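Work through the exercises below with the structure open. Try each task before reading its solution.

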Amino acid sequence: MLKTAPASWQDLLDSRFKNKLQYSTPGQAGDGTAVMLQAFHSLGGKDAGFEYLGKLQANNVGPSASTGKLTALVNKGELYVANGDLQMNLSQMARNPNVKIFWPADDKGERSALALPYTIGLVQNGPNSENGKKLINFLLDKPAQSSVSARSWGLPVRSDVAPDDANFKAAKAALDGVKSWEPNWDDVAVSLSADIARWHKVTDSE
């Protein structure tokens, strides 16, 4: 088992992580795509991010279509490092006691996390649209938002809601000192196919 979490992105390039590191594949898993976007953010842009991911491939076990399956491998010590999402990992830690959450720092010492949104919408001209609107309003009202952490380890999207349950406190503690950010999703959508193709090229995983 890994005794101390890597402090920075550069630490993950160390040879001690060879075949002990794995992240889900961009374009196949949303969390894997998030790793790619986070690399762009933390390494200073796409070119630097792709250069880094190319180097990181020397330690990467290989492709994984599932993020959730990596947790058990870390718990057993088969992997030292894997990506995940906060909601999922917090819910898994009771069953996987050897798993810990860490956020590697960039060259300026900043630790950051990409906030992936859950979205909901109505199908245009779909049936039962009024009931659909009621469902959306229900999910976004204060009672539902106040219970989302206790029920599913989620975080409320409303700024006027601050749950006081243990799950919410654990999530906030895990994010202490970590800066949350979001990309321009319209820009991401425009270049995503090309970025995934470039990821395959730089990691030699075509």
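**Exercise 1.** Find which residues leucine 56 is in contact with, leaving aside neighbours within four places in sequence.

*Solution.* Take contact as heavy atoms within 4.5 Å. Leucine 56 then meets Leu12, Leu13, Leu21 and Tyr23.

The model is predicted: local features need pLDDT of at least 70, side-chain atom pairs count only at pLDDT 80 or more, and totals for chains, interfaces and linings use all residues. Residues are numbered from 1 along each chain as its sequence is written, and side-chain values use heavy atoms, with hydrogens and water left out.

**Exercise 2.** State whether phenylalanine 50 is buried or exposed, and list what it touches.

*Solution.* Next, apply the cut-offs: buried means under 20% relative accessible area, exposed over 50%, partly exposed in between (1.4 Å probe, protein chains only). Phenylalanine 50 counts as buried because its relative accessibility is 2%. Last, list the contacts: not counting residues up to four places away in sequence, phenylalanine 50 touches Met36, Phe40, Asp195, Arg198, Trp199 and Val202.

**Exercise 3.** Identify the residues through which helix 2 and helix 8 meet, and sort them by type.

*Solution.* From helix 2, take Lys46, Asp47, Phe50, Leu53 and Gly54. From helix 8, take Ser191, Asp195, Arg198, Trp199 and Val202. Now sort: Ala, Val, Leu, Ile, Met, Phe, Trp, Tyr, Cys and Pro are nonpolar, Asp, Glu, Lys and Arg charged, and the others, Gly among them, polar. The contact divides into 4 nonpolar, 2 polar and 4 charged residues.

Terms used: Helices (H or I, at least four residues) and strands (E, at least two) are DSSP runs, numbered from the N terminus.
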